[in-house]
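Please walk through the structure below, beginning with a pair of bridge partners and ending with the protein as a whole.

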Amino acid sequence: MKLTDEQLNTAIKEPDLPELAACFDNTDDYLEKLELSPGQKTDVSEVKAKTRLNRTQAGIKLALEYWQNKNQLQATFQALLLIILSLLKGDVAVQVCKYLSDKYSTTSCPHSQERVLLNHKLSSYRDYLQSRYREPDSTSATQWPPVSTNKVFKLAMIQKEKIQRGKIDDEFVKLTITGKIDDILLKKTPVNLTNIFSEIGDRRHFVLIEGAPGSGKSTLALHICQEWAKGKLFQEFDIAILVRLRDPLVREAITISDLLPCTNKAMANEIETAIMSLYGKGVLWVLDGWDELSSDLPRDSIINKLIRPGTSQERPLHKSTMIITSRPSSSAELHPLVSSRVEVLGFNPHELEQYFTECLKGDSQAVQTLLERIRENPVVEGSCYLPLNASIVVNCFLSDNHSLPTSNHGIFTSIVQSSLKRYLQEKLGKTTPVGDITSPDSLPSEIRMQTVQMCQLAYHGIEKNKATFTDSDLAALCITKDISNVGLLQTVPSIISDGHLVYYCFLHLSIQELLAAIHISLMSPKQQISVFQKLFGNPRFSAVFQFYAGITKLSTSRPILSKLPRFLCPVPATVFDLVRKVVKTEKEKYGEPKPLLLSLINCLYEAEDSRLCVFVANLLNHNLNLDSTTMNPINCLSVGYFVSACSNTSNGFTLRLRSCSISEQGCKFLARGLSKCPNSNNDIPTEGIHIAEIIENTISISELDLFNNAIGNSGLSTLCEAFSANISLKRLHLTKCSLTISDDNGAALYQLLNTNNSLEYLNLSGNTVTSCRHIAAGLAVNKTLRTLDLISCELTDQSIEELSTGLINKIEELNIWGNDSITEDGMKTLARHLTTHCSELTVLWIPDHLGSCIKTVFRDANKERKRNGLPEINVLCT
């Protein structure tokens, strides 16, 4: 219904000022007089609508005259316009506001009127978005895995401060800072989704949500918008706009309107104008998949302007709020821009069991069988914390007679095989065995071409760093559209543009990386290496190379010749050249985290080729330094295997893992990796066999540094068992490893000191030692330890008395500096004992606060030692 100015100007008898003033004392009464009560319907006849508008016009005219005298014009005018907007809809409300704004406005309130009109546009757009988000989710629908994954949104706020691993006593911290998640070098605290903006303050609201592949980031992004649409979440925002950055139309977007879900271009342009006029205030942008954004997107693209408004001179969207999701490996450039970082956490063991119970319909026996099978396989055990991986594993368990994959590439290979099998059965009605997808010739003819084309498309995606493909992409590669029928390539709707649905194909990143690796493995050996040389700087190189290693086992030829200089014996490019390049690149990054080198170690585990391990060990000069490189349990397993595969080398191997976020579980996996015997087909030992029995005489590790890892007492027990019978380990650093050594849980150290015959240096500094009884008992029988560091271990006089009873061996240096609870009496006890014992001790570090007051005590002790034929002790305190 449209009304003319003449109709709007229809005169009625105007009430006098006193009457209007009385009306404004009670807003409800005034609205009732105008027949515009809040609960009244707006779908009324045209005649009645005209009457209301005319009366409202007259009322506002007198309101302006009256309240202007009170100097409250702006507030009154805005309030009345908002009343009208709340009672009328569509063109009627817009015309009324425009008419009244033009007729009765003054220079004191143009922005208020403009804001009201803009709010109305955004209100209509809000309704539109809410209806869209309430629809069934076609953008995230998948045909695999068939077992649905629960919505797991357990979050942790990543703090600025570093972790103090020696003081970890919080249960949440133990569960999250354990090596399970990709990026865990900073302290974390639990946070509810509703509170992710609560600690930002006045800074620009820009939250980065990180998580490993398969942790549920995309599901979370959609969940945020759906809950906003239901009125349950983030209602402080007028509109919430979900943009999946994988969408091909994002690559083509030039303006904000190109990113907006709208019915047509005119609507998109109108909403863009409203958003830009308000500088983005009241708008929540949910940008899903920074790691899926095309790498060829220019820096001056609309996405970069949206994320970095400060780089634009006009700063058009600096008041908007942003949530962006990404893999941690791709989000480092965003860290300086964000106001807070949040991590999506996966299942802990209890939650995983609950999830399996749901998937297996409460069959407790099947759940226990599945859990036992998982524990037998470290790769599966270490990856099931991710909801996606857990879903794949339980699907394999259900469909393949309770069998499970045994490697990382096996996990994803199984889901590809399941999709092909389902396609054959449901679409073609055939029960033909699928065969080996890494060898297309073994596949049934009905799916052979589609599989080969899928691998080709995946490789193209890796090469161009694309996760989505349009019809033009398929046509350019001469790929038929029917490959989407297989189920892996999902067809999903893009942004609605000009009233037409635009579809694109999405291939999950991990599946894409596996299929690309298969495509590369089918090339000639020379082409394979050439391709990887070309992909070396690609952000997804590591993932593809690891899948490739599992498929090909990194099969190498002429391994002896490969070690010779090229000018003596030219050989074609081989995997050795690629390995050399990785090691050289990481050596040039001295002092920095080495994720590429760690990825290579993972590949060596997948390949299970001890020759390559020895080759890499020689390139590293038998010194693997992964300091400050975040390591999850599977990484620990790979590193352990790598070291054990070098067991036949004569050189000692130094392994530095300082500040690597290794947990109790990580220690278990490290020990399991160390126990993989290179001479027995690299099989994990059967349950019931002690790790120590397997490790004895099989590895060459001489130094292990685990400084600043929260391994805890359980991790300590695992390591002590693993190294009890080992004859190569000489130096063990366990500084700040969240240990608590007491009467109840110090037996592992006694076992290590009692049975190990090679250890010369042990550092337990920065842990809590409430009792030295077990340490002393171990020292009393140990024959090899030369240096013991107990710096800042909260030792007391009682601890010193207990420790003294064990100082009867060949120890040469003892460091108890930093233990401020020790008094003069404790030092006197130690000095008395040293007059006749510890025949090799020459250096003793004592707490600073005792330095000056006990010189006489140790001077006398040294005189007595000299009379007893013992060397003098050099007592130091700084």
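W285 has M322, in strand β6, as its bridge partner. The model is predicted: local features need pLDDT of at least 70, side-chain atom pairs count only at pLDDT 80 or more, and totals for chains, interfaces and linings use all residues. Residues are numbered from 1 along each chain as its sequence is written, and side-chain values use heavy atoms, with hydrogens and water left out.

Strand β6 covers residues 321-326 and runs parallel to β5, to which 4 bridges join it. Strands here are DSSP runs of E with at least two residues, helices are runs of H or I with at least four residues, and both are numbered from the N terminus. Two strands pair if DSSP finds at least two bridges between them. Strand β4 (residues 239-244) also pairs with β5 in the parallel sense, over 6 bridges. There, I239 has V283 of β5 as its bridge partner.

Strand β5 spans residues 283-288, and because 6 of its 6 residues are buried, the strand is largely enclosed by the rest of the structure. Buried means under 20% relative accessible area, with a 1.4 Å probe and protein chains only. V283, W285 and L287 point one way from β5, while L284, V286 and D288 point the other way; all are buried.

The protein as a whole has 34 helices and 21 strands. Of its 878 residues, 56% count as buried. Among contacts (heavy atoms within 4.5 Å) between residues at least 6 apart in sequence, 78% join residues at least 24 apart. The accessible surface, from the Shrake-Rupley method with a 1.4 Å probe, comes to about 37,700 Å², and 50% of it belongs to carbon and sulfur atoms.

Definitions and conventions. Buried means under 20% relative accessible area, exposed over 50%, partly exposed in between (1.4 Å probe, protein chains only).
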